[in-house]
Structure formats: structure tokens, C-alpha cells
Amino acid sequence: MKHTKPTRRSWAEPFKIKVVEPLRTTTRQHRMKAIKEAGYNTFLLRSEDVYIDLLTDSGTNAMSDYQWAGMMLGDEAYAGSRNFYYLESNMRKFYGYKYLVPTHQGRGAEHIISQLLIKPGDFIPGNMYFTTTREHQERAGGTFVDIIIDEAHDPESLHPFKGNVDLQKLEALIKKVGAKKIPYVSVAATVNMAGGQPISMENMRAVRKLADKHGIRVILDATRAVENAYFIKLREKGYARKSVAAILKELCSCTDAATMSGKKDLLVNIGGFLAINDAKLYDEARNMVVVFEGLHTYGGLAGRDMEAMARGMEEMVKADYLRARIGQVEYLGEKLLDWSIPIVKPIGGHAVFLDAKKILEHIPQDRFPAQALAAEIYLDSGVRTMERGIVSAGRDSATGAHHHPSLELVRVTIPRRVYTQAHMDVTAESILAVYENRKKVRGLKMVYEPKYLRFFQAQFEKI
Ligand code: P71
């Protein structure tokens, strides 16, 4: 093999491996049967039939020895666990909100905030929908309105902050429906469905200012806010010398509360929380959590899970960790770009997103090109990815028609600290093999469609 001399010095994972979990390889024939039985839905595959699992970065992280050691210090008291108080103090230290309500995961927090703040007939503007977030907003009687900048819907746009809110769209909505019908602006950092794209600090400040002018709350989806803070450090003027920890706190300070899925940035396998500044709202949330999750000092979690989250906060902001984390995603993305495979640009924080609309241009969106592409990649190599297109977008709650998102993507999601660069190579080569045979891939028809969040359990057949 020929090796060209490097043009820059490499980074490496800032850890060594202490425990390993064997991977299983399968034959193509085995995978053919497995994906067919799963109705061509990668969510319905058994993990045992998967080789490299890039379905999600959610709850799939590898914990450190420091976190595992903390698991043994779980205080499993029903009330007042010391792990809760440690998590509360670290949440204050790293995110800066006053009050903490733990939940079993992110959607538990979304449920509570939506039920408390949204009235039937309300509108909730946000920088692109997220599946569970919108579901809870709609269940509470609200209507989600997309106010992300247009560039976010264009996979080719190189805008450095494709997660930004279009302030004119927000202002137009306020004018149209009135501030009283907008309980809050829902801002995500980074934006998952746009391709893991960040929002800039400048834009976040401007959203705060506009919301203040009209007395509207701003609620942050802080699920991947650390990765967003890292992009601000790299890309935004004036932030290169600031620490990610300082940037994260500044970002949160522009908002009134946050929902959090700890299963991403916090480097754990389960957990989440709601973080709030307003004492009255906190009081209501703390009361509601006992109905749906558990007492307000555990919120559906074991003490050890809270300890692991608290310790994960200390690790998530470290510069060497983030460089390797984002660097690994970039490594995979650049490889695919070198081979001219269409992906969302710029490369995002948690995943590389394949542009299924372009790759399978012979398959119309109603025949689920991204769903078909994810199934085909699994078939080729056992690498599991996720559809993020028309199936994920679901149906319009008012008309019942399919939403037709402009982005029809397959997400190749990288768990934190789990896979090596060689796994990225194998993954890239499988995607290339499928890309080269793309003309042979056929569309799908949906033969089973569940009522809520259909992408999880829908089943398909080949056309
Ligand atoms: C991801 C997930 C997990 C997931 C959720 C829905 C469909 C497929 C996979 C979860 C998020 C998220 C953001 C920005 C809230 C949640 C819910 N992401 N906000 O990307 O990305 O958190 O899963 O802990 O309930 O695979 P939760």
C-alpha cells in the first residue's frame, strides 16, 4: 500500500481500551433474511444481527472508568439520593440553570415542559422539528412552525451555522398569531435533523433579544449543546480562545430553560433532565414529574445513573475528547467526500448524513429512498444506519398527508468513544460499494404504519 506523507499532524483517541465487546459478523444471506423480517426497517433489526451499529449516538456511548467507578457509588435511596445533589451541582456548574428536574431520558423532559407551557391552539416556533419534540408539542395541542434559515434545507449549502433561526420568519409568526399564542421559542443546539448543524452565539443572542421584546420564553434543547459549543469555538469570531465550558454556559444563559437527553453529550447510556430558571415553573415541573417519571430527586433514574451523568459532564467539555469526537465524524465524512458521495455539508457533529435524494435519484420520495438506502447498506455489510427523511417526518396532524421534507437522508451516526478509525474505514467502503451499485436499488412500499412516531415500527416491502 502506498502511503502519502501527512500534511498535518493527526489527533488520536485520548483514551486506551480496557474492556472490549466482541462484534459479530454475518453472511449476506443471513442479513437478507434479517432485514426482510424487519420489514426493511433498521429499528426492527436485532442488535445481534448488526456488525457496526451506527443507528444512533443516543445511549450508545462508552463510559469511562471514572464513570463506571461512580456507578458503584449509587445511593439508591427513594428520596434525596446524594447522586441527585451532585448532578444538580454539576448541572449548575456546566449549564448554569438554577433548578434541576431529572427525567428518564430527553422525551420525559419534553413531555413535562410541553404539558406545562403549551395550550391548545398555541404555536411553537423552532429551528427545525425533532421527532419526539414535535410529538409532545402536538399532543399538548400546539402546532410546530419551522423557523430555521433556508440554508438548513439545502444539503449543499456551506453556511457555517445552518442551525440558525431566521429572525424574519420568527418575527413574521409573532406578527401573524400574536405573542400570546407563542408559549416559547424552541431552540436546538446542534440541530439533529438538519445534519448535526450548530447555531451561532450571535444568532442565539438575537433570538433572546427578539423574544424578550415580546415577552416570550426561549427553551433550549441542550441534547448536543456541547458539540454546538465546540463548533462555535472553531467557527465563530471571538471564541477561539474561550473554553468550550465557558461557551456552553454563555449559550445556555441566553435561554430560560432546557430539555436534555443525557444519552448524547453526557456520555452515558440512559438519563435526561429538565433545567429551569423560573422558580414558579420549577415548582410545577417538580410536581408533574412525580406523576410521570418518579420523585423529583430521581425522575425515573437509579442513583448510579445520575452519578454517571454528573461525571460525564466533567468529561464532555474536555478539549482532547471533543477534538477526537468531532474529528472522527469528520474523518468518515471527508472520506465519502473524497469519493464524491453526496452528503450533507458541512459535516455535522454527531453523524454523517447521506443525501438519499441524490444517491437514489431514480426513486421518488413516496417510495422511501432513504429507508431503502439504509436497508441496502445493512445488506452489504451489516452496518446499521437510520432513515431521516419522509418516514421520520410523519404526517401532517391536521390534513393527514405525508410531510415531504426537503432533506431525504440516511444518518450514519457515531457513538462516542466506541468505534475506531478502522471501523470508519470499513463503513465508508460499504457505503461506497452501495453507491456504486445504486442504480439497482429499488423503492419500498409501506405495509404497516403505526400511529405515533411511525419510523420506529413501520414495515415495508420491496417494490
Ligand atoms: C437520536 C435520538 C434518539 C431517537 C429519537 C427519536 C427517533 C430516533 C432516535 C433524541 C433526541 C434528540 C434531540 C435533539 C430530544 C431527543 C429525545 N435523539 N432532542 O438522535 O436528538 O431524547 O431519546 O433521550 O428521549 O437518535 P431521548
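Predicted model: local features only at pLDDT ≥ 70, side-chain atom pairs only at ≥ 80, totals over all residues.

Visitor: In what order do the three strands of the open sheet come?
Guide: The order is 8-10-9, with antiparallel pairing. Strand 8 (351-355) and strand 9 (386-388) are the edge strands, each pairing on one side only. From one strand to the next, the twist averages 35 degrees.

Visitor: And which helix packs on the sheet?
Guide: That is helix 12 (residues 319-338), which touches strand 8 and strand 10. The direction of helix 12 makes about 25 degrees with that of strand 8.

Visitor: What stands opposite Val410 in strand 10?
Guide: Glu387 does.

Visitor: Changing topic: how many salt bridges are there in the whole structure?
Guide: A search finds 32. One of them joins Asp150 and Lys169, whose closest N and O atoms are 2.8 Å apart. Asp150 is in the loop between strand 3 (143-146) and helix 6 (167-177) and Lys169 is in helix 6, so the pair ties together parts 19 residues apart in sequence.

Visitor: Is Asp150 buried or exposed?
Guide: Asp150 counts as exposed, because its relative accessibility is 53%. Lys169, at 26%, counts as partly exposed.

Visitor: Which residues are linked in a network of salt bridges?
Guide: Asp57, Arg224, Glu227, Arg325 and Arg416 are.

Visitor: Last one: which residues make the nonpolar surface patch of about 310 Å²?
Guide: Phe15, Ile17 and Val20 make that patch. Ile17 lies in the segment before helix 1 (28-37) and, at 59% relative accessibility, counts as exposed.

Terms used. Residues numbered from 1 in each chain as written. Heavy atoms only, no water. Patch = residues over 30% accessible without salt bridge, like charges linked within 9 Å, V, L, I, M, F, W, Y side chains within 5 Å. Areas by Shrake-Rupley, 256 points an atom, 1.4 Å probe, with all protein chains shown as cover. Salt bridge = Lys/Arg side-chain N within 4 Å of Asp/Glu carboxyl O. Helix = DSSP H or I, 4+ residues; strand = E, 2+ residues; numbered from the N terminus. Buried < 20%, exposed > 50% of the residue type's maximum accessible area, 1.4 Å probe, protein only. Pairing = 2+ DSSP bridges. Axes fitted to C-alpha atoms, helices over the stretch in contact; angles between N-to-C directions. Contact = heavy atoms within 4.5 Å.
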